Amino acid sequence: KRVVVFISGSGSNMMALVKAAAASDYPAEIVGVISDKADAGGLAKAAAEGISTFAFVRKDFASKDAHEEAILAQLDVLSPDIICLAGYMRLLSGRFIQRYEGRIINIHPSLLPLFPGLHTHQRAIDAGQRIAGCTVHFVTEGMDEGPAIGQAAVPVLTDDTAETLAARVLTIEHQLYPQSLRLLAEGKVRMEGGKAISLASA
Ligand code: GRF
């Protein structure tokens, strides 16, 4: 399956997908990386792997619509089967999401439905959670709301700060995202009626 990854930042999750896809038995290849930030660290990392990279900076476009149109036009060229959001800090419109219905997934650094949105790690600590984690889910119009494909958990330690917890969660993000993309690319999970249907036998 052809996969395009959307990033806004360092792209460590994107690189985890690239590394996983290098294995000969992995069912997906990363055919492009799209960023909404010209200076996203992940762009250079992807380029160094020989992957085509594209930056579409929001302020270069008159409207959100025009910005998305430009991205959609590039996607027409790249022709992805699946789009992976990996630290992409912009909400996609309903129109965009419908165009790739059931084929856009995101990684969020909390155990959804707990703590959607920003500052998840501090909020988990403040709430007194003893575990934290990450979720890979189908993208629907509500932010961080689509059905989950997979989750992974880590302990919250007594002396954790948002930074130390974020680092612990990030290490499992790098495992969960390639696993979840594999399930989707192999057709073992799909979105149906707003739910994730697992067709995996195990
Ligand atoms: C990750 O924690 C991801 O879950 C998120 O933003 C962070 C991106 O990190 N929403 P990276 O760009 O993949 O390194």
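Domain bounds here come from an automatic or database domain assignment. With those bounds, the shell around the ligand takes at least three residues from each of domain 1 (1-100) and domain 2 (107-202).

A word on the ground rules. Residues are numbered from 1 along each chain as its sequence is written. This is a predicted model, where local features need pLDDT of at least 70, side-chain atom pairs count only at pLDDT 80 or more, and totals for chains, interfaces and linings use all residues.

**Around the ligand**

The ligand has 14 residues around it, and Gly9, Ser10, Ser12, Asn13 and Gly87 are the closest. A residue is taken as near a molecule or strand if its C-beta atom, placed from the backbone, lies within 6 Å of it. Helix 1 (12-21), strand 5 (104-108) and helix 6 (162-185) are the elements that give two or more residues to this shell. Helices (H or I, at least four residues) and strands (E, at least two) are DSSP runs, numbered from the N terminus.

The C-alpha centres of domain 1 and domain 2 are 20 Å apart. Their contact takes 18 residues from domain 1 and 15 residues from domain 2; two residues count as in contact if their C-beta atoms, placed from the backbone, lie within 7 Å. On the domain 1 side, helix 1, strand 4 (82-85) and helix 4 (94-99) supply at least two residues each, and helix 1 has the largest share, with five residues.

| Set | Residues by class |

**The core**

The largest nonpolar core has 52 residues, and Val5, Met14, Leu17, Cys84 and Ala86 touch the most other members. Such a core is a set of buried Ala, Val, Leu, Ile, Met, Phe, Trp, Tyr and Cys residues joined through C-beta atoms within 7 Å; buried means that 20 or more other C-beta atoms lie within 10 Å of a residue's own. Helix 6 gives this core its largest share, seven residues. Both domain 1 and domain 2 put in at least three residues each.

Take Met14: leaving aside neighbours within four places in sequence, Met14 contacts Val5, Ile7, Val33, Gly42, Ala46 and Ala86.

Notes: Buried ≥ 20, exposed ≤ 12 C-beta atoms within 10 Å, placed from the backbone.
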